Amino acid sequence: FDELRLHDWMLKYIEGYEGPLKVLQFKGGQSNPTYKIKTKKRDYVLRRKPPGALLPSAHAVEREYRVMTALYQTGFPVPEMYGLCEDVSILGTAFYVMSFVEGRIFWDPAIPSVTVSERHTLYDSANETLAKLHNIDYVSCGLGDFGKVGNYFHRQISRWSNQYIASQTDPINEMERLIEWLPASAPVQGQTSIVHGDYRLDNLVFDNYKAKVVAVLDWELSTLGDPLADFTYQLMQWKMPASMQNGIDGIDLSSLGIPSLEGYVEAYCLRTNRREFPDLNFYLAYNAFRLAAILQGVFARAIKGNASNSKSLEMGGLVHPMARLAWKFALLAGA
């Protein structure tokens, strides 16, 4: 994009900004392109919608900006928001600018670069941070209309079914079965909270020197919804092999200091005052189905040439295995 136009916009709207600027694109992310904006005084992060035709309701950078603005005021660990631009004449798509948070991002959930005790504390901080999000009063922080209250699963299943169908490249029998089975099997929603929608280790920034979350990133899928759906999305990590979306199933968790699934659930329940935890299988089926639909969308964008990551074409090979995993959990849930 035109860096001079970005410079002019930041000079006008970002308090304290001084050019010149240098733009570097981050390697991570499969959805909204994200860039580091370097200046002499400080570094910023810019996140924008990808170019080209987009699926309905996808790539909602405006919603990301809103939820992080509200959460920052509560003290929840998110970057500070500096400005939102919905004028597509500036960069070609809507974008926002936020602070650059120094810290560590771990792409491998086994976190081989740290000690056993630190690894345990890193996971515990991730657990504590998600529980803190789910305990926030979304009305008092200005997010009372950030999503609909109730029927979260039915709305999400409908959304991801439609997204999958809109981006489908090859028929997958398991996805067809799940689209039929999931709506009839969804549990009654017992609580509403802010949900992140993609809470996993590599969307967290940890302090450089302490095992503490200092920023939660990638809020594109955030809304008001069922906190258990949000929490069990992260729990899929314990149920997937390392070869499949960075799972940890099959590795020796105890020797690494990684909590067991049962221990991680217990810690979350204590922090959210939850006395009981439902059977996991429906939640895992739902989340694996949702992830398969997301991967299908990434792959479809890659085919069209407007993906934000060079590895997007590889996502096509993960869709069917993820759909099979989702159907496996559905069968365990009584499908």
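A cavity is a set of grid points where a 1.4 Å probe fits but cannot get out. In this predicted model, the largest cavity has a volume of about 40 Å³.

**The cavity**
- The count of cavities of 30 Å³ or more comes to one.
- The residues lining the largest cavity are Tyr152, Gly197, Ala229, Asp230, Tyr233, Tyr286, Asn287 and Arg290.
- Sorted by class, this lining holds four nonpolar, two polar and two charged residues.
- At least two lining residues come from helix 7 (227-239), and at least two come from helix 10.
- Rolling a probe the size of a water molecule over the atoms shows where empty space is left.

**The second largest pocket**
- The second largest pocket contains about 240 Å³ of space.
- It is lined by 14 residues, and those closest to its centre are Arg63, Gln156, Arg159, Ser222 and Thr223.
- The lining of the second largest pocket is made up of five charged, five polar and four nonpolar residues.
- Helix 5 (152-167) and strand 9 (223-225) each contribute at least two residues to this lining.
- Helix 5 gives the largest share of the lining, with three residues.

**Nonpolar cores**
- In soluble globular proteins, nonpolar side chains tend to be buried together.
- The largest nonpolar core in this model consists of 88 residues.
- Within this core, the residues with the most contacts are Leu71, Met175, Ile194, Trp219, Trp238 and Met322.
- Helix 10 (residues 280-304) supplies 12 residues, the largest share of the core.
- Another core lies apart from the largest one and has 16 residues, including Leu6, Leu21, Ile37 and Leu91.
- Methionine 175, one of the residues with the most contacts inside the largest core, touches Tyr164, Phe289, Ala292, Ala293 and Ala323, when residues up to four places away in sequence are not counted.

**Strand 5 and its partners**
- Strand 5 spans residues 95-99 and is mostly covered, with five of its five residues buried.
- Strand 3 (residues 43-48) pairs with strand 5 in the antiparallel sense, over five bridges.
- In this pairing, arginine 47 stands opposite tyrosine 96 of strand 5.
- Strand 4 (residues 81-85) also pairs with strand 5 in the antiparallel sense, over four bridges.
- Cysteine 85 has phenylalanine 95 in strand 5 as its bridge partner.
- In a regular strand the side chains alternate between the two faces of the sheet.

**Two residues: buried or exposed?**
- Serine 99 belongs to strand 5.
- Serine 99 counts as buried because its relative accessibility is 14%, and the cut-off for buried is under 20%.
- Serine 99 is in contact with Val45, Pro79, Glu80 and Tyr82, leaving aside neighbours within four places in sequence.
- Asparagine 173 is placed in helix 6 (residues 173-185).
- Asparagine 173 counts as exposed because its relative accessible area is 54%, and the cut-off for exposed is over 50%.
- From C-alpha to C-alpha, asparagine 173 and lysine 132 are 39 Å apart in space, and they are 41 residues apart in sequence.

Methods
Residues numbered from 1 in each chain as written. Predicted model: local features only at pLDDT ≥ 70, side-chain atom pairs only at ≥ 80, totals over all residues. Heavy atoms only, no water. Core = buried A, V, L, I, M, F, W, Y, C linked by side-chain atoms within 4.5 Å. Buried < 20%, exposed > 50% of the residue type's maximum accessible area, 1.4 Å probe, protein only. Contact = heavy atoms within 4.5 Å. 1 Å grid on protein atoms, 1.4 Å probe; cavity = no way out; pocket = protein on both sides within 12 Å on 5 of 7 lines; lining within 4 Å. Points joined across faces, edges and corners; volume = space filled by probe spheres on them. Nonpolar A, V, L, I, M, F, W, Y, C, P; charged D, E, K, R; others polar. Pairing = 2+ DSSP bridges.
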